[in-house]
Amino acid sequence: MDDAIVCQGLVKRYGSFTALDHLDLTVPTGSVFGFLGPNGAGKTTAIRLLTGLALATAGSARVAGYDVGRDSIALRRRISYLDQQPHFYNWMRGRELLEFAGQLFGLSGSALRTRVAEVLALTGIAEAAERKIGGYSGGMRQRLGLAQALINQPEVLFLDEPVSSLDPAGRYDLLSIIDSLRNATTVFMSSHILADIERVCDRVAIINRGRLIVEASLEELQASYALPIVVVQVEQADPSGLEALLERIRAQSWASNVTLDRDELRVGIRDSADTGPALLRLLAESGVPVVRYEHVRPNLEDIFLRLVAHEEAV
């Protein structure tokens with residue numbers, strides 16, 4: 001099977017509100033696929049349609065070779081879904097929950113015990129398997145959720161914001177597990193943490209207001225949509241002077257997506273040979289002390305912000 005997910009004209013309406021607007025999407029088998037968009041863009045709606053948890057208003061979708069609308073029972077045996085905030089029976093022990101989930105998929109006896117041991121080891125919670133879930137930390141609960149989602153060896157695994165509630169160490173560990181699933185299963189992961197998507201995903205799709213903006217590999221996005229970025233690190237300065245500098249830069253025709261995060265100013269540069277001297281002149285005239293001036297490679301967040309801003313301006 002060449003493609004794990006194929007959507008054609010997928011639409012979901014709630015009354016007069018269109019949550020998903022004619023989504024066309026193709027996800028290669030064995031890939032780790034990133035699904036991006038601002039809050040309310042339609043990411044969770046799309047996942048609910050692809051997993052059979054909601055019915056489409058129009059259009060069609062095939063997942064793991066099955067028609068989502070017609071073959072929902074067969075489909076659910078071959079996929080899994082981890083919600084953004086998984087809920088468990090806190091009185092259960094971790095191993096009990098996984099055995100319960102495995103039994104729902106028809107596993108029993110030694111096959112069930114072997115599979116539970118495998119997912120406990122893969123997610124790094126074997127030592128906590130006999131503890132009650134009510135005593136698990138947030139990171140452990142997220143690992144348990146992933147273990148539960150993997151119990152049936154799914155052909156397609158859907159993850160909705162799987163690391164959004166974790167600290168940096170927990171995110172790193174869980175992303176490493178997700179990365180290890182490449183080629184063993186197809187991972188369809190929605191997230192608003194763009195650095196995480198950039199780290200583990202082969203391809204990404206960006207949606208906004210229910211519509212697909214772009215679907216491509218990270219390399220293709222860099223080649224087609226990335227603008228040069230200049231990073232200027234400034235010392236603590238008079239806030240009014242810094243704000244005046246920002247407004248002057250944003251008013252320039254060559255500047256795009258000008259942002260300030262604490263002491264770091266990022267300026268997207270449209271193609272212009274005179275841009276460098278012009279930006280340096282503005283910095284000098286502002287009187288704001290500059291610690292660092294550097295041309296950097298645009299990241300996924302820079303591309304995402306540019307594409308979403310363009311879409312909303314249309």
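In this predicted model, Gly210 is in contact with Ala19, Leu20, Asp21 and Ala41, once its neighbours within four places in sequence are left aside. The paragraphs that follow take up this glycine, then the aromatic residues, and then a pair of helices.

- Gly210 belongs to the loop between strand 9, which covers 203-208, and strand 10, which covers 211-217.
- With a relative accessible area of 0%, Gly210 is buried, the cut-off for that word being under 20%.
- Although Gly210 and Arg13 are 197 residues apart along the chain, their C-alpha atoms are separated by 10 Å.

**Aromatic residues**

- A search of the whole structure gives 4 aromatic pairs; one of them joins Phe35 and Phe188, whose ring centres are 5.0 Å apart and whose planes stand at 40 degrees, so that this pair counts as tilted.
- Because Phe35 lies in strand 3 (residues 32-36) and Phe188 in strand 8 (residues 186-190), the pair ties together parts of the chain that are 153 residues apart in sequence, and both Phe35 and Phe188 are buried.
- Phe188 also forms a tilted aromatic pair with Phe158, with 5.5 Å from centre to centre and 55 degrees between the planes.
- This second pair links distant parts of the chain as well, since Phe158 is in strand 7 (residues 156-160) and Phe188 is in strand 8, 30 residues apart; both Phe158 and Phe188 are buried.
- Phe33, Phe35, Phe158 and Phe188 together form one aromatic cluster.
- Elsewhere among the aromatic residues, Tyr172 has Arg199 lying over the face of its ring, at 4.3 Å from the ring centre.

**Packing of helix 4 and helix 5**

- Helix 4 (residues 109-123) packs with helix 5 (residues 138-150) at an angle of about 140 degrees, and the axes of the two helices are 9 Å apart.
- The two helices, helix 4 and helix 5, are therefore oblique to each other, as angles count as roughly antiparallel when they are over 145 degrees.
- The crossing in which helix 4 passes helix 5 is right-handed.
- On the side of helix 4 the contact is made by Arg115, Val119, Leu122 and Thr123, while helix 5 contributes Arg143, Leu146, Ala147 and Leu150.

Conventions: Residues are numbered from 1 along each chain as its sequence is written. This is a predicted model: local features need pLDDT of at least 70, side-chain atom pairs count only at pLDDT 80 or more; totals for chains, interfaces and linings use all residues. Side-chain values use heavy atoms; hydrogens and water are left out. Rings of Phe, Tyr and Trp (its six-membered ring) pair if their centres lie within 6.5 Å; planes under 30 degrees apart count as stacked, over 60 as edge-to-face and the rest as tilted. Helices (H or I, at least four residues) and strands (E, at least two) are DSSP runs, numbered from the N terminus. Buried means under 20% relative accessible area, exposed over 50%, partly exposed in between (1.4 Å probe, protein chains only). A charge sits over a ring if NZ of Lys or CZ of Arg is within 6 Å of the ring centre and within 35 degrees of the ring normal. Axes are lines fitted to C-alpha atoms, for helices over the stretch in contact, and angles run from 0 to 180 degrees between N-to-C directions. Angles under 35 degrees count as roughly parallel, over 145 as roughly antiparallel, 65 to 115 as roughly perpendicular and the rest as oblique. A crossing is left-handed if the near helix is turned anticlockwise from the far one by less than a right angle, and right-handed if clockwise. Contact means heavy atoms within 4.5 Å.
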